[in-house]
Amino acid sequence: MLEVGTKAPGFTLPDKDGNPVSLSDFLGKKVVLYFYPKDNTPGCTRQACAFAAAYEDFKTLDAVVIGVSKDSAASHQRFAEKHGLPFILLSDPELSAIQAYGVWQEKKLYGKVSMGVVRTTFIIDEAGNIEKVMPKVKPDTNAADILAYLRGQA
């Protein structure tokens, strides 16, 4: 897992429309970079919908919200349309950013061990450094917790 204060690993990944998006595109803004396991699963849907509901608040704070999973751009397109997601979703099927951020880890589900994305959120400052790491976040409170932090309330 990456440490607070270190330079955030750069990446360029396709968004839901297949357009390349780079982390460096957002220098000068706060970036809320959240990694999640899979489109259209219960927890990931609740998390994404909470970010969508708070989207205007993030914009007011001049913060960019970016969700990343290993799903395809087409899957992201359907996920965003189905749930009205206004923020950026990036596709990382090669796991390049997922592994660079250390969120591809061993997971246990019902005693079965497999590799997967551990739900994690990073707040990246205007200079491109990691300001806060939130490992194993809860899908229902993640967006609210980040807003409280950005407002200096947490």
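Cysteine 44 counts as buried, with a relative accessibility of 1%, where buried means under 20% relative accessible area, exposed over 50% and partly exposed in between (1.4 Å probe, protein chains only). Cysteine 49, at 29% relative accessibility, counts as partly exposed. The model is a predicted one, in which local features need pLDDT of at least 70 and side-chain atom pairs count only at pLDDT 80 or more, while totals for chains, interfaces and linings use all residues. Residues are numbered from 1 along each chain as its sequence is written, and side-chain values use heavy atoms, with hydrogens and water left out.

With a disulfide taken as a pair of cysteine sulfur atoms within 2.5 Å, the count comes to zero disulfides. For cysteine 44, the nearest cysteine sulfur belongs to cysteine 49 and is 11 Å away. Cysteine 49 is likewise in no disulfide, its nearest cysteine sulfur being that of cysteine 44.

We turn next to the sheet. Helices (H or I, at least four residues) and strands (E, at least two) are DSSP runs numbered from the N terminus, and two strands pair if DSSP finds at least two bridges between them. Five strands form an open sheet with mixed pairing, in the order β5-β4-β3-β8-β9. Its edges are β5 (88-91) and β9 (130-134), each of which pairs on one side only. From one strand to the next, the twist averages 20°.

Five bridges join β3 to β8 in an antiparallel arrangement, with phenylalanine 122 of β8 as the bridge partner of leucine 33. On the β9 side, four bridges link β8 to β9, again running antiparallel, and isoleucine 124 has isoleucine 130 of β9 as its bridge partner. The two strands β8 and β9 form a hairpin with five residues between them, and glycine 128 in the turn has a positive phi of about 90°. Five of the five residues of β8 are buried, so this strand is largely enclosed by the rest of the structure. Thr120, Phe122 and Ile124 point one way from β8, whereas Thr121 and Ile123 point the other way.

The helices come next. Axes here are lines fitted to C-alpha atoms, for helices over the stretch in contact, and angles run from 0 to 180 degrees between N-to-C directions; contact means heavy atoms within 4.5 Å. Helix α1 (residues 42-53) lies across β3 (30-35), β4 (63-69) and β8, at about 165° to β3. Helix α3 (residues 73-83) lies across β4 and β5, at about 155° to β5.

The axes of α1 and helix α5 (residues 142-150) come within 8 Å and cross at roughly 40°. That makes α1 oblique to α5, given that angles under 35 degrees count as roughly parallel, over 145 as roughly antiparallel, 65 to 115 as roughly perpendicular and the rest as oblique. Gln47, Ala50 and Phe51 of α1 meet Asn142, Ala143 and Ile146 of α5 in this contact.

Two residues other than glycine with positive phi complete the description. Aspartate 62 has phi near 60°; this residue lies in the loop between α2 (55-60) and β4 and, at 39% relative accessibility, counts as partly exposed. Leucine 95 has phi near 65° and is found in the loop between β5 and α4 (96-100). With a relative accessible area of 13%, leucine 95 is buried.
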